[in-house]
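Please open the model in your viewer and keep the sequence panel beside it. The tour below moves from one selection to the next, saying at each stop what is there.

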Amino acid sequence: MANELHGRKIAFLATDGVERVELERPRDAVTDAGGQVDLLSISDGQIEARDHDLELAGTFSVDRTVDDARVDEYDALVIPGGTVNGDKLRLEDSAVSFVAEFVRSGKPVAAICHAPWVLLEAGVIDGRTLTSYPSLRTDLRNAGATVVDQEVCIDGNLITSRSPDDLPAFCQAITDRFAETPAHT
């Protein structure tokens, strides 16, 4: 269904160090399904992407800063991975509070690879079940989460995935879930 996300506005939250493919492929899945995407970041301009965390992989233009965005403007949130991206976002109060408010709103929040670090920092994973890149799993358990090793884990409004290898399943899960969510008005 080419228009299953028509009328839905999806926020993507990323900064320098974002894993290119973990931003591009979910963004393309959302737009191919008719959704509108805004790339939010912690600063204006462009963010630098990476391949495999180390290789420069181009830039993405930022639509808005997270400081200027409101949860009620969006129907869902996607946080792409990248070790540096996740680490930088979890150190920015504006990004952490936006994510915390988004999760509390009940709207879908999707995070892949190292992005669950931001969920951890937002204090929203205690008692939740999720997956992530293997190196985060101890941190997530220590914060009270149950961690599973599977392509996609859906727990309420949280959708998580492990790595770029899981992108086909992750993209399918987010478009399916976002389509179930009423468009904001």
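**Stop one: a helix and its buried face**

In this predicted model, begin by selecting helix 2, residues 83-90, whose buried residues are Asn 85, Gly 86 and Leu 89. If you look down the axis of helix 2, these buried residues fall within an arc of 95°, so they line one face of the helix. Next, display what covers them, which includes strand 1, strand 2 (18-19), strand 7, helix 3 (93-105) and helix 4 (116-121).

**Stop two: Asn 85**

Staying in helix 2, select Asn 85, which is buried, with a relative accessible area of 0%. Its side chain reaches the backbone oxygen of Gly 81 at 3.4 Å. Leaving aside residues up to four places away in sequence, Asn 85 touches Ala 14, Thr 15, Asp 16, Gly 17, Val 18 and Pro 80.

Now select the strands: 7 of them form an open sheet with mixed pairing, in the order 6-3-1-7-8-12-11. Strand 6 (64-65) and strand 11 (152-155) stand at the edges, and each has a single partner strand, so one side of each is left without a neighbour in the sheet.

Within this sheet, turn to strand 1 (residues 9-13) and strand 3 (residues 36-41), which run parallel and are joined by 5 bridges; in this pair, Ala 11 stands opposite Asp 38 of strand 3.

Note on methods:
Residues are numbered from 1 along each chain as its sequence is written. This is a predicted model: local features need pLDDT of at least 70, side-chain atom pairs count only at pLDDT 80 or more; totals for chains, interfaces and linings use all residues. Side-chain values use heavy atoms; hydrogens and water are left out. Two strands pair if DSSP finds at least two bridges between them. Helices (H or I, at least four residues) and strands (E, at least two) are DSSP runs, numbered from the N terminus. Buried means under 20% relative accessible area, exposed over 50%, partly exposed in between (1.4 Å probe, protein chains only). The arc is that of the directions from the helix axis to the C-beta atoms. Contact means heavy atoms within 4.5 Å. A polar contact is a pair of N or O atoms within 3.5 Å; within protein, one must be able to donate a hydrogen and the other to accept it, and residues adjacent in sequence count only if both atoms are side-chain atoms.
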